[in-house]
Amino acid sequence: MGNLRGLSVFIFLTLVVFTTARPKSGPNQKCKSGPVDLVFLIDSSRSVRPHEFETMRKFLIDILNTLDIGLDTTRVGVVQYSSQVRSEFSLKTHSKLENMVKAINEIVPLAQGTMTGLAIRYLMNEAFSPGQGDRPKVPNVAVIVTDGRPQDRVAEVAAEARERGIEIYAVGVARADMTSLRAMASPPFEDHVFLVERFDLIYQFGLQFQDKLCGIDLCLESEHGCEHLCESSPGSYTCHCLPGYRLNADGKTCSAIDLCAEGKHNCQQICISSPGSFTCDCNQGYHLNDDKKTCSPIDLCAEGKHDCQQVCVYMGPGIFTCDCNEGYRLNVDKKSCAPIDLCTEGKHDCEQVCVYSGPGISTCDCNEGYRLNGDEKTCSPIDLCAEEKHDCQQVCVYSGPGIVTCDCNKGYRLNANEKTCTPIDLCAEGKHGCEQVCVYMGPGIFTCGCNEGYRLNVDEKTCSPIDLCAEGKHDCEQICISAPGVFTCDCNKGFKLNRDKRTCTNMDMCNTVKHGCDYQCVNTPGSYHCICPEGQLLQDDGKTCGTCKSANIDLVLLIDGSKSVRPQNFELVKKFVNQVVDSLDVSAHGTRVGLVQYSSRVRTEFPLNMYHTAEDIKAAVMKVDYMEKGTMTGLALKHMLEYSFSEAEGARPASRNIPRIGLVFTDGRSQDDISEYAKKAKEAGITMYAVGVGKAVEDELREIASDPVEKHFYYTTDFSAINTIADNLKLNVCPAESLREVEVKDPCACENLMEFQQATMNRLDQFTQKLASMAARLEQLENQLLSRK
């Protein structure tokens, strides 16, 4: 736990991106924190707009610029997530800052959902694993940057990650909510949870915590300018001087206290100053008396009080000079003596090396790799290769005088002893580039081959599976299923494979399957369809027959007008509503339609009793204004139950048994609880449909929908696909269930005769097309039989 607590200082250091307030020793100074394995988990869901993702990309790069990157210091990995998780690079991928920056600039956003829990589990099981570069006994730190509410559960998996020793920092932007951030982050939350309104403010984290994070000692890490001593204080420093010095007026430099210059001494002849003190001395030829103040004349040579190395020459009271013995000369210090070295002084005629043999004496020698010639002055290079004075197994390379380097013939490698050679087997060493099989052909030579069922490509390295089906090298009558170099045959739906495993026989579907047709089953090639007797219609299940065509219902549509829908998508939602209206028989005594829009509040656009024709309803729908703001689905369900299905707003009395249907359309997670009124609506006998798109939460949609849920719940990821949902919605119920509250049409009326005539013509066209299809199939089968003969 001690290590985890210490990590808070490190991660704060990574957030100090724009710390301009504190002095630095240079532009490349890094905050030091010791070895750490750090993984960034970034949200690339659809709600993160391109320019916002670019801001987050720059934020990551600015953080990296403050870190001490290296395989033995700070390792960094980056993982992005939406509805799936993708590792951009692992902890072991890059050891240099510039490579990480390049990889971050190449990230392509996933632009899907927000599965944060899935991403944290990947982080725990994969990103911080030894195979991905996680080091033992090195702290694990994760920084999660997200802009929205997770679409899956995060609390449990985040707690498990923290129990495994991962310290988590949660950074929320824009649409993120604090509850989710606190569920992910490590305690204490004030150090691990951050939330800002938009992406371009994300740099504020560095400014908020810079003094707390880096812990800069201005005396140690700034150019404070103190000449002697620097004393740190919070956010500042003070200069001081060593003993014997005083601080100058600039508050930084120091000057020695010179007691001699200030006349604060009692020396007879010479005062020698030291900072804050002094000593007495005498002029040349005099010595200091025992009182350490007065002086007496001396004979330095006689008294042996000189520093001549060899000879002291008396020159008068207190005066002497130094001299040297024969063969030596006095050095520049006029005291010591040095032997005369003819080699050092260049007073010789050796070509390479002069050897000092005594004062005034020298001999010649040669550098290593050369030998001295007979004149005992010049030198010649030694070629060991030419003289065959080497132990190389194959090739001797002259590398300079007296130097040889051993090498090997092509296809061989020099051994560790740097003398003998070993043949190179590129196949065994994996240095071949063959995709499947490498064939050793000799030292340094190989060719590529392929496994059975594959053939070598033109590049002579990679292999492609032999697809006998695609190449037409099979005898399957209908379907060929390929595997590398082999195939198997299969048949189309409604046909069965014969014993020869090649040909197919048409199955009599009406006699071999439970077709479920209410009246009559009709075979078609490989399939069947149901038909009904004259005067009855085939129902939506495609099997049963009945006289019901339209519905008599009270329908209220609740449409999501929250900010996340966006104006252009809201227009698609209105078109979706009008597609639903087109599928209904709208009239005062037939189907009634009401529309409610909700966001942070609820607004009735028109009640059930306002419009009595589909044209009027569709025109009113297109005039509806977009509300924006939040997503209060629970409040909308409450409004529908208490007001929309009231008799005051046009709902017909429950005693008349008119079916009541509610349809909820939403694009995201509700910001309030839906459970209570979703349950009460169904208990009140309202049949509930739930339609979701984009970031809608499946669990909420299923909770709203009536049983069976699969027939009352629809979802698509894209607004442009909701027209398909409108086509598939089955909202109609038979009028027999609603006490005959529909208009009874006169079958002999002119318009109804025309409808019957049109329907008859359509059925004739369908039968004509089916007969043509059957004829073409029979012709195909006949040709196949003739070709086999």
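Asp407 is found in strand 24 (residues 403–407), where helices (H or I, at least four residues) and strands (E, at least two) are DSSP runs numbered from the N terminus. The model is a predicted one, in which local features need pLDDT of at least 70, side-chain atom pairs count only at pLDDT 80 or more, and totals for chains, interfaces and linings use all residues. Residues are numbered from 1 along each chain as its sequence is written, and side-chain values use heavy atoms, with hydrogens and water left out.

Asp407 is partly exposed, its relative accessible area being 39%; on this scale, buried means under 20% relative accessible area, exposed over 50%, and partly exposed in between (1.4 Å probe, protein chains only). Eleven residues separate Asp407 from Glu418 along the chain, and their C-alpha atoms are separated by 7.9 Å. With neighbours within four places in sequence left aside, Asp407 is in contact with Gln394, Val395, Val397, Leu414 and Cys421, contact being defined as heavy atoms within 4.5 Å.

The protein chain has 18 helices and 44 strands, and buried residues make up 39% of its 789 residues. Among contacts with a separation of 6 or more, 53% are between residues 24 or more positions apart.

Strands of a sheet pair through backbone hydrogen bonds, either parallel or antiparallel. For pairing to be counted here, DSSP must find at least two bridges between the two strands. Strand 1 (residues 36–43) and strand 2 (residues 74–81) run parallel and are joined by eight bridges, with Gln80 in strand 2 as the bridge partner of Ile42.

An antiparallel example is given by strand 11 (residues 270–274) and strand 12 (residues 277–281), which five bridges join. Ser274 stands opposite Ser277 of strand 12. These two strands form a hairpin with two residues between them, and Gly276 in the turn has a positive phi of about 80°.

Empty space comes next. Rolling a probe the size of a water molecule over the atoms shows where empty space is left. On a 1 Å grid over the protein atoms alone, a cavity is a set of points where a 1.4 Å probe fits but cannot get out, and a pocket is an open set with protein on both sides within 12 Å along at least five of seven lines; lining residues have an atom within 4 Å of a point. The structure holds one cavity of 30 Å³ or more. The largest cavity has about 50 Å³ of space, a volume being the space filled by probe spheres set on the points, with grid points joined across faces, edges and corners. Its lining includes Val39, Gly77, Val79 and Tyr122, and strand 2, strand 3 and helix 4 (116–127) each supply at least two residues of that lining.

The second largest pocket has about 930 Å³ of space. Of its 35 lining residues, the closest to the centre are Ser47, Arg175, Ser564, Asp667 and Lys695. Helix 11 gives the largest share of this lining, three residues. Helix 11 (567–582) is also among the elements that cover the buried residues of helix 12, as are strand 40 (592–598) and strand 41 (602–606). In helix 12 (residues 614–622), the buried residues are Ala614, Ile617, Ala620 and Val621. Seen down the axis of helix 12, these fall within an arc of 130°, so they line one face of the helix; the arc is that of the directions from the helix axis to the C-beta atoms.

Some loops also deserve a look. Ser186 lies in the loop between helix 6 (178–184) and helix 7 (189–192) and is buried, with a relative accessible area of 7%. Pro188 lies in the loop between these two helices, and a cis peptide bond with omega of about -5° joins Pro187 and Pro188. Another cis peptide bond joins Asp707 and Pro708, with omega of about -10°.
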